[in-house]
Amino acid sequence: MSRRIELAFARAAKAKRAAFIPYITAGDPNPTATLGLCRALERAGADLIELGVPFSDPIADGPTNQRAAERALAAGTTLSGVLQIVRELRYTSELPVVLFTYFNPVHAYGLARFAVDAAAAGVDGVLFTDVPVEEARGPYEAFRRVGIDLVLLVAPTSTRPRVKATKKLAGGFVYFVSRTGVTGARERVEEGLEAQVRAVRKLTGRRVAVGFGISTPEQVNRVAGFADGVVVGSAIVGRIAEIGDRVNLVGEIEAFARSLAMATRRR
Amino acid sequence: MKPLPDDRGYFGPYGGRFVPETLMAPLEELERAWQSARRDRTFRRELDTLLATYCGRPTPLSFAARLSDNLGGARVFLKREDLCHTGAHKINNAVGQCLLARRMGKVRVIAETGAGQHGVATATAAALFGLRCRVYMGTEDERRQALNVYRMKLLGAEVVGVDAGTKTLKDAINEALRDWVTNVATTHYVLGSVLGPHPYPAMVRDFQSVIGAEALLQVRRQHGSLPRLVVACVGGGSNAAGIFGAFVPYKQVELVGVEAGGRGTGLGDHAARFSGGAPGVLHGTRTYVLQDQNGQVAGTHSVSAGLDYPAVGPEHALWHDNRRVGYVRVSDDEALDAFHLLAELEGIVPALETAHALAFVTHVARRYAKGDGILVNLSGRGDKDVNEVARLEGVRL
């Protein structure tokens, strides 16, 4: 298990809050901006960062993240470029990094070579949006050798046997998809989420981070009451899109992220 | 040998299920429903009845006498899927899946479409069974297949234009998958080809296998023996899988799948996955994918919207690797020539997709002996393409 991920969750738990996990698409609005944004998120109180690897056909993503991937690809972002960003971040930071990626870019890079290069760059975990547990054996083996956590998704539609099956392969935490659908900001947090999160924690014996559709400090605070980590993606990505490649980008994202990070404290 | 795919949905190294976790339970549910339906005599009987009384099966096998003479070689037979209700083989699968959707208690179906044939077939079957229907279609395809867009609307379907990426079939599938992930409880996704996550490649193949089963009997009866060569165009590959399936066990029968060679050999100029692609994962299945060195899926080009797709069914990938089927490419211009040739010699206007298969036959027929049989799957008719062909040739209608 990745030490940095373990420490991040332990530290958050000790401070009586859920871990704050912001998501941004690497390379949006351009590869140079991403490093500055990561540092800003860390200053704002991120415990762990999810870095999206842009893909041409993001079937699990809503419009906000699709556009971000398009901008990142247009700006020339590649998987090796993303690893380079992590490498540079590691010069000054111990912030755990989980790559959030579709399988094909990794497949094209070569799974074994990717595992070695990602570990060397300082990646702590990898989450595949389109690799369910049945197909995860190969990545699990490749990552285990180099000490990278495989982060598996659990959905509201996942059956009990499926949730149990993640236990064998899951790394430090599992990612619970808070609603059936694609990524994107939503008005409400689903009813019954708390019970689902508790059930997943019990069945997998892992910490549970919750994401998909969480976009405001109020929603973060509600979910933080019962989850071990809260992921906010599209809401941040949407702001990045609004501001674009301007001087105030880093400052504004930091301020927004801080308001989310503060909300992770349990009442 | 055990039948493929294996229980994880693999055809050798190809296939599988690469989808978001949210879709896994629905796929398991679909697989169970399909396995139970295919063994259920009532379901089979109902499907067979619909194929006969609604879709117009069996479709005839036509001997193309003038075409055969013109090509100066083998005897060319056409399996007339263009005579199916709605004008292409797509209805076989759409009726099958909508019947299954009803059995599963789904009230809504969604589909993607490229040329519009699968969209029209799904809209038709949805109307037949009283299911709500939404069809996703790239805006580039909506432009070149405007007639089919209107047909779908006439049939009561909602057509949603997809303006992302290459604005073609690939992007329509992305959007259909996103819809499905959001509405899994009420919705069945009627995937139109032997693509996508398990069980789709196997299930669609099985619904289309009626083509090959009929053709095998018909060619034996009308030609007196097995054909030397069977040819079909390959987009996702459902019409090809449908006709090849019956002939795969007969090693003496040569099988050829024809891909879209487009306007050139550069990445983005064609949809020839086997000569320009590499193994990868797209839309839930591991197969040959046209992509750049960073694993980003490439754009494609073909005059035919139905072949304009960067991946191919996983069973085709296996047939390619074990050399049971040969895959070749035919350019836009060659396909257009064949489109005219069949119209003038046989009085049949083929779909531009199908014209690719015919173009290949015009190239190779001379290599075969006079008595040899060549079987072509005439997968669809060309009414939908008349406007686009006129536009390409500068004819104002």
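**A buried serine, a helix crossing and the cysteines**

Modeller: A:Ser215 counts as buried, because its relative accessibility is 11% (buried is under 20% relative accessible area, exposed over 50%, partly exposed in between; 1.4 Å probe, protein chains only). The model is predicted: local features need pLDDT of at least 70, side-chain atom pairs pLDDT 80 or more, while totals for chains, interfaces and linings use all residues. Residues are numbered from 1 along each chain as written, chains are lettered from A and ligands numbered from 1 in written order, and side-chain values use heavy atoms, without hydrogens and water.

A:Ser215 sits in the loop between β8 (207-211) and α10 (217-224) of chain A. Helices (H or I, at least four residues) and strands (E, at least two) are DSSP runs, numbered from the N terminus. Beyond four places in sequence, A:Ser215 contacts A:Ala185, A:Arg186, A:Val232, A:Ala235, A:Phe256 and A:Leu260 (contact: heavy atoms within 4.5 Å).

Now the helix pair. The axes of α2 (31-44) and α12 (249-262) of chain A come within 8 Å and cross at roughly 35°. Axes are lines fitted to C-alpha atoms over the stretch in contact, with angles from 0 to 180 degrees between N-to-C directions. Among the residues meeting there are A:Leu37 and A:Leu41 of α2(A), and A:Ile253 and A:Ala257 of α12(A).

Last, the cysteines. Zero disulfides occur over all chains (a disulfide is a pair of cysteine sulfur atoms within 2.5 Å). The sulfur of B:Cys55 is 6.7 Å from its closest cysteine sulfur, in B:Cys84, so it is too far for a bond. B:Cys55 is buried at 1% relative accessible area. A:Cys38 is buried, with 1%.
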